[in-house]
Amino acid sequence: MIYDVIVVGTGAGGATAAREITNKGLNILILEKGSFYPRGTAINHILNSKLDLKIENEEHAEKGDERYDFLHQPAELMQVNAIGGTTPVSLANACYACTSCYANSVTAQFKLHDLDLFEELIEASRDLNVGALPADMMGPTTRRIVEIGEKLGHFMEPMPKFIDFEKCNKCGECINGCKRGVKWDSTDFIDELINSHNSPNALNEGETSIITDFEVTRVLHKGRIVEGVEGIDEGGNKKEFKARRVVLAAGSLNTPVILKNSGINEGVGEGLFTDLFITVGGYLKGAKLNKEIPMAVKLEFGPYFISPHFSTQILHSIRERGFDAGYEDIVGFMVKIADEANGKLHDDGSAEKTLTVRDLNLLKEGYKKAVEILVKLGVAQESISSTAMRGAHPGGTAAIGVVVDSNLETRIKGLYISDASVIPQAPGRPPILTITAIAKRLSKKLLKSLDNGYMNQEKASEKCSK
Ligand SMILES: Cc1cc2nc3c(=O)[nH]c(=O)nc-3n(C[C@H](O)[C@H](O)[C@H](O)COP(=O)(O)OP(=O)(O)OC[C@H]3O[C@@H](n4cnc5c(N)ncnc54)[C@H](O)[C@@H]3O)c2cc1C
C-alpha cells in the first residue's frame, strides 16, 4: 500500500500536522517511536541528555566574590519520546515565539525567517484555547512577587496559557501532564483522531492510523523524490512504509539524525539553540510556590525573561547551605535566554554548544534581577543558588532557509519538516504555539500540493510503473 502522507512523531508539530490533514480523503499513517502512557505521569518520561557546553572566555566567567552555581554543573537537554512528544510536560506557556519575538516591532512578532505566521498563530491560539492567566488563579506567593516587583519598578504580565481555567484546580503539577486534561497537550489531538471515525490500527480509504513503538530510521527517496520511510518496529524488525509525502516531526534532536541517515546532510544538525535556562532560588519557610500554577507571570527583558518557578533541583544546594528546607520552602525564578544558534547535533544524537559571553551576560543579568526580587520577598540571601543550565526548547537543526524552504519542504520533493528544528534562531520564549502554527502552514502547503488533480496524476503514473 502507498499512503498519501506519513507523519513521523506526535509532538507539537507532528500531531498538529496530522490533525490538519485528517478527514480530507487522504490515507495517513502516523509513526511514533514511543508509547501511550497514563495522564499525570509525564514527568517520568523526560529524557535528560548531556549538552557539551563550552564556556567562551571561561577564565573571566566569574569575577571577584560572585559565584554562579550554574557554571559548575553539567548542562542538559530535555525531551520526551512518547505519544504527545514533549508537550505533556509543558508548563502551558503560550507565547508567540517567533524569531524576532523580542524585537520592538509588532509585525516582527509574527515572522519566522520570511514566513508571516499571523493567520496560523491566531488559529493555533484558538485551537489550544490560549488565554492570559486570570488574576484569581494566581497563587499568594506569585502575587507577592508581582507586588514586590512593582515596588522595584518591574511590571510583570500574566503569562498566556493553554489551560481551561474553569476546570483547573491550581494543583501546580502541570509538568506531570495534566491528570484532569485541562492543560492542552498534543495527546489531545491524537485522542481526537483516534476517537473520530479514524481507526487506530486498521486503515480504510481516507482514514488516519497510528503505529506506536516504531522508530523511523531513514527516509526512502528515489533521486530527489520521496518514497516513504524505513524503521524498526516493536519487535526489532526492519520495516518499510511507502508514501507520496512524508512529514518529519521527530523533534529537533531526532529529525536531523533521520535526515543524515537518509543522505541529506547539507546544513543539517547545525545552528542548534536551546533557549537555555536556569532556575535561581532560595529558602522561604512555607512559601508553597510548588502548589501554585507555575510561571504564572513573566517579566520581559528583550532577549531574556524571568518568571516565578519552582525547581526540585535547588533543594540539595539550599540544604547544603545549612537550611532545613522542604519543597514547600523553595521560591525561585526561571531565567530563560534566547541563546545564540551556534550549536551542533552530531550524527549519534549528541550535542555541543558554546555559551558565548553575550549569553552568559544575559544569564547573569537575569540572575541578578531574580536575586533582587527574592531578597526583597524575604528569601534568605545565603540560601540562594541556581540549577544547572538546561535546554528545554532545542531547535534550529534543520532551519528554514538552510535545510527547508519557506514551504517547509526539503530538497527532496515531498519531504517536509514540521517541528522545532525549522526555527532558525532562538526565540527565548516557549515555542509550542509557534510550532503549532508552523505545522498549520505546512499542512496548507501539503494539501495544496496534493490538490488540483496533481495526486491523480501521481497515482496514475505509479500504476503505469507497476
Ligand atoms: C519541562 C519542559 C517544559 C516545557 N514547557 C513548555 C511550555 O510551557 N510552553 C512551550 O511552548 N514549550 C514548552 N516546552 C518545550 C516544548 O515542549 C517543545 O519545544 C515542543 O514539544 C517541541 O515540539 P516538536 O514537535 O518539535 O517535538 P516533540 O514535541 O518533542 O515531538 C517529537 C516526537 O517525535 C517522536 N520521535 C522522535 N524520534 C522518532 C523517530 N525516530 N521515529 C518516530 N518518532 C520519533 C517523539 O517520540 C515525539 O513524539 C517545555 C519543554 C520541557 C522539557
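This is a predicted model: local features need pLDDT of at least 70, side-chain atom pairs count only at pLDDT 80 or more; totals for chains, interfaces and linings use all residues.
Residues are numbered from 1 along each chain as its sequence is written.

Let's begin at the ligand. There are 40 residues around the ligand, and Gly9, Gly11, Gly85, Pro430 and Ile432 come nearest. Here a residue is near a molecule if its C-beta atom, placed from the backbone, lies within 6 Å of it. By type, the shell splits into 19 nonpolar, 17 polar and four charged residues. As for secondary structure, helix H1 (12–21), strand S4 (76–80), strand S11 (215–222) and helix H8 (432–449) each give the shell at least two residues. H1 supplies the largest share, three residues. The labels come from DSSP runs numbered from the N terminus, with helices being H or I of at least four residues and strands E of at least two.

The expected span is 1.5 Å times one less than the number of residues in the helix. H8 is also mostly covered, with 13 of its 18 residues buried. Buried means that 20 or more other C-beta atoms lie within 10 Å of the residue's own, exposed means 12 or fewer, and partly exposed is in between, with C-beta atoms placed from the backbone.

That brings us to the packing. The largest nonpolar core has 139 residues, and those with the most contacts inside it are Val5, Ile6, Val7, Val8, Val247, Val335 and Leu433. H8 gives the most to this core, with eight residues. Such a core is a set of buried Ala, Val, Leu, Ile, Met, Phe, Trp, Tyr and Cys residues joined through C-beta atoms within 7 Å.

Now for strand S17 (residues 304–308). Five of its five residues are buried, so S17 is largely enclosed by the rest of the structure. Tyr304, Ile306 and Pro308 cover one side, while Phe305 and Ser307 sit on the other, and these are all buried. S17 pairs in the antiparallel sense with strand S16 (residues 297–301) over three bridges, and with strand S18 (residues 330–337), again antiparallel, over five bridges. Pairing requires that DSSP finds at least two bridges between the strands.

Helix H7 (residues 357–377) gets the same ruler check. At 1.5 Å a residue, its 21 residues should span 30 Å, and the end C-alpha atoms are 30 Å apart, which agrees. Its buried residues include Asp359, Lys369 and Leu374. Just after H7, glycine 378 has a positive phi of about 110°.

Some positive phi values turn up away from glycine too. Aspartate 213 has one of about 55° although it is not a glycine, and its place is the loop between strand S10 (208–211) and S11. Lysine 288, also not a glycine, has a positive phi of about 55° and lies in the loop between strand S15 (277–283) and S16. Aspartate 213 counts as partly exposed because 15 C-beta neighbours lie inside 10 Å. Lysine 288 is partly exposed as well, with 17 other C-beta atoms within 10 Å.

Leucine 133, between strand S7 (131–132) and helix H3 (140–151), is buried, with 22 other C-beta atoms within 10 Å. Leaving aside neighbours within four places in sequence, leucine 133 is in contact (C-beta atoms, placed from the backbone, within 7 Å) with Met138, Pro158, Met159, Lys161, Ile293 and Ala296. Alanine 61 lies between strand S3 (46–55) and S4 and is partly exposed, with 15 other C-beta atoms within 10 Å. Beyond its neighbours within four places in sequence, alanine 61 is in contact with Ile55, Leu71 and Leu360.

Key. Ala, Val, Leu, Ile, Met, Phe, Trp, Tyr, Cys and Pro count as nonpolar, Asp, Glu, Lys and Arg as charged, and the others, Gly among them, as polar. Two residues are in contact if their C-beta atoms, placed from the backbone, lie within 7 Å.
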